[in-house]
Amino acid sequence: MGYDWAKWVKQKIEKGEAIVRPVGYHKGVERLQGFASRLNACRDIEELEGFANRRKFNPALPRWNASERDAILRRKFEMENEN
């Protein structure tokens, strides 16, 4: 019996060591970026909201610290005032 690659990939995703990309995106498993680059990668308010409220989907994740919360709110303010 061969190695269960699907199980291995699923474990990497659950641990946060891999990112799931849409079909047609031809890159392999890549490490997650740091907080600042992930925050700056948010393209709209909805995406920022999903990033900020990630614990709704996985309560095991750590809470944001005060400086991270401030950075998220600052980014939201920037996005709201761009338009």
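A salt bridge is taken here as a side-chain nitrogen of Lys or Arg within 4 Å of a carboxyl oxygen of Asp or Glu. By this criterion, the predicted model holds 3 salt bridges. Side chains of opposite charge can pair when their charged atoms come close. One of the pairs joins the side chains of E17 and K12, with an N to O distance of 3.1 Å. E17 is partly exposed, at a relative accessible area of 26%, and K12 is likewise partly exposed, at 24%.

A further salt bridge links the side chains of R43 and E47, with 3.2 Å from N to O. The two partners fall into separate accessibility classes: R43 is exposed, with a relative accessible area of 71%, whereas E47 is partly exposed, with 29%.

The remaining pair to be described lies in helix α4, which spans residues 66-82. Here E78 forms a salt bridge with R75, and the closest N and O atoms are 3.6 Å apart. The two residues are 3 positions apart in α4 and are therefore separated by about one helical turn. E78 is partly exposed, with a relative accessible area of 39%. R75 has a relative accessible area of 13% and therefore counts as buried, the cut-off for this class being under 20%.

Beyond its neighbours within four places in sequence, R75 is in contact with L39, N40, C42, L48 and E82. Of these residues, L48 belongs to the part of helix α3 that meets α4.

Helix α3 comprises residues 45-52, and its axis comes within 10 Å of that of α4. The axes cross at roughly 170°; because angles over 145 degrees count as roughly antiparallel, α3 and α4 are assigned to that class.

Conventions:
Residues are numbered from 1 along each chain as its sequence is written. This is a predicted model: local features need pLDDT of at least 70, side-chain atom pairs count only at pLDDT 80 or more; totals for chains, interfaces and linings use all residues. Side-chain values use heavy atoms; hydrogens and water are left out. Helices (H or I, at least four residues) and strands (E, at least two) are DSSP runs, numbered from the N terminus. Contact means heavy atoms within 4.5 Å. Buried means under 20% relative accessible area, exposed over 50%, partly exposed in between (1.4 Å probe, protein chains only). Axes are lines fitted to C-alpha atoms, for helices over the stretch in contact, and angles run from 0 to 180 degrees between N-to-C directions. Angles under 35 degrees count as roughly parallel, over 145 as roughly antiparallel, 65 to 115 as roughly perpendicular and the rest as oblique.
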